[in-house]
Amino acid sequence: MSDNIDNIKELQSIIKYKFKNERLLKLALTHKSYSSENGILYCNERMEFLGDSILSAIVSSYLYNKYQDKEEGILSQIKAQIVSAANLAVWAKEIKLDKFILISKNEEKNSARKRDTLLCDSFEAVTGAIFLDGGFKVTKSFIETFLKSHKQFKIIDYKTKLQEKIQSDFQTLPKYVVVKETGPDHDKKFEIAVYVKDKFFGKGTGNSKKQAEQFAARSALLKVENKKI
């Protein structure tokens with residue numbers, strides 16, 4: 001995709017928000033690979049960091065008000081599903097964001113536009129750009145258009161489901177191990193692997209150990225149910 005003004009205007013039409021400062025939107029669409037390839041000193045990583053925090057606050061507020069009878073643990077599970085890379089990638093595709101992201105030629109060859117992580121990061125960056133340009137109220141309205149399209153969120157406890165399956169099939173319990181911990185204290189990322197009798201079954205990444213364990217359990221459960229283990 002060429003970084004011309006028509007693309008910027010087309011995306012604004014899709015998201016139904018017109019930027020006062022269109023440079024913010026262009027920055028949000030600029031992947032670090034594109035910056036490196038073209039000798040540009042900026043990319044969307046800082047804006048992604050901001051958007052992640054704003055998105056978290058909006059989703060938390062929405063769930064707090066929508067599910068007034070749910071305890072914190074349940075709300076955390078629902079939020080984890082909403083802000084996961086897989087779900088945000090779906091939202092990104094709904095606004096055709098993959099069409100507008102600026103990436104390097106090499107990343108283009110590697111089909112980077114289809115990656116959930118890139119789509120998720122870009123969606124967070126666009127969220128950050130809207131916040132900087134229009135403020136919290138406008139950003140809240142943007143995110144809630146996606147949230148309101150879901151009448152209910154399915155709550156799945158993958159750890160419990162995996163434990164029941166492993167106990168039935170292997171007569172033991174799964175073991176979770178922290179593989180990697182990255183990022184500053186305010187924005188930690190955890191990578192956790194799950195083992196059964198010292199055999200690797202799957203791994204997951206999240207903003208908390210509980211979230212990463214859920215994603216690791218989901219990965220393992222899929223393998224077990226598809227008889228890949």
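Which residues does Trp-91 touch, not counting residues up to four places away in sequence?

Tutor: This is a predicted model, and everything below should be read with that in mind. Leaving aside residues up to four places away in sequence, Trp-91 touches Leu-55, Ile-82, Phe-123, Ile-143, Phe-146, Leu-147 and His-150. Trp-91 also belongs to the largest nonpolar core, which has 44 residues, and it is listed with Leu-63, Ile-82, Leu-97 and Phe-123 as having the most contacts inside that core. Helices H1 (5-15), H2 (22-28), H4, H5, H6, H8 and H9 each supply at least two residues of this core, and the largest share, eight residues, comes from H8. As a general point, nonpolar side chains tend to be buried together in soluble globular proteins. Apart from this core lies another one, of twelve residues, which includes Ile-166, Ala-216, Ala-220 and Leu-221.

The largest pocket holds about 900 Å³, and of the 41 residues lining it, Ser-76, Gln-77, Lys-79, Ala-80 and Gln-211 are the closest to its centre. Helices H4 (45-66), H5 (72-82), H6 (85-94), H10 (158-170) and H11 (209-225) each contribute at least two lining residues, with the largest share, ten residues, coming from H5. By class, this lining has 14 nonpolar, 16 polar and eleven charged residues.

The second largest pocket holds about 750 Å³ and is lined by 30 residues, of which Ala-85, Lys-189, Thr-205, Gly-206 and Asn-207 lie nearest its centre. Its lining draws at least two residues from each of H4, H6, H8 (116-134), H11 and the strands E1 (175-182), E2 (189-196) and E3 (199-206), and the largest share, five residues, comes from H8. By class, the lining of this second pocket has seven nonpolar, ten polar and 13 charged residues.

Definitions and conventions: Residues numbered from 1 in each chain as written. Predicted model: local features only at pLDDT ≥ 70, side-chain atom pairs only at ≥ 80, totals over all residues. Heavy atoms only, no water. 1 Å grid on protein atoms, 1.4 Å probe; cavity = no way out; pocket = protein on both sides within 12 Å on 5 of 7 lines; lining within 4 Å. Points joined across faces, edges and corners; volume = space filled by probe spheres on them. Helix = DSSP H or I, 4+ residues; strand = E, 2+ residues; numbered from the N terminus. Nonpolar A, V, L, I, M, F, W, Y, C, P; charged D, E, K, R; others polar. Core = buried A, V, L, I, M, F, W, Y, C linked by side-chain atoms within 4.5 Å. Buried < 20%, exposed > 50% of the residue type's maximum accessible area, 1.4 Å probe, protein only. Contact = heavy atoms within 4.5 Å.
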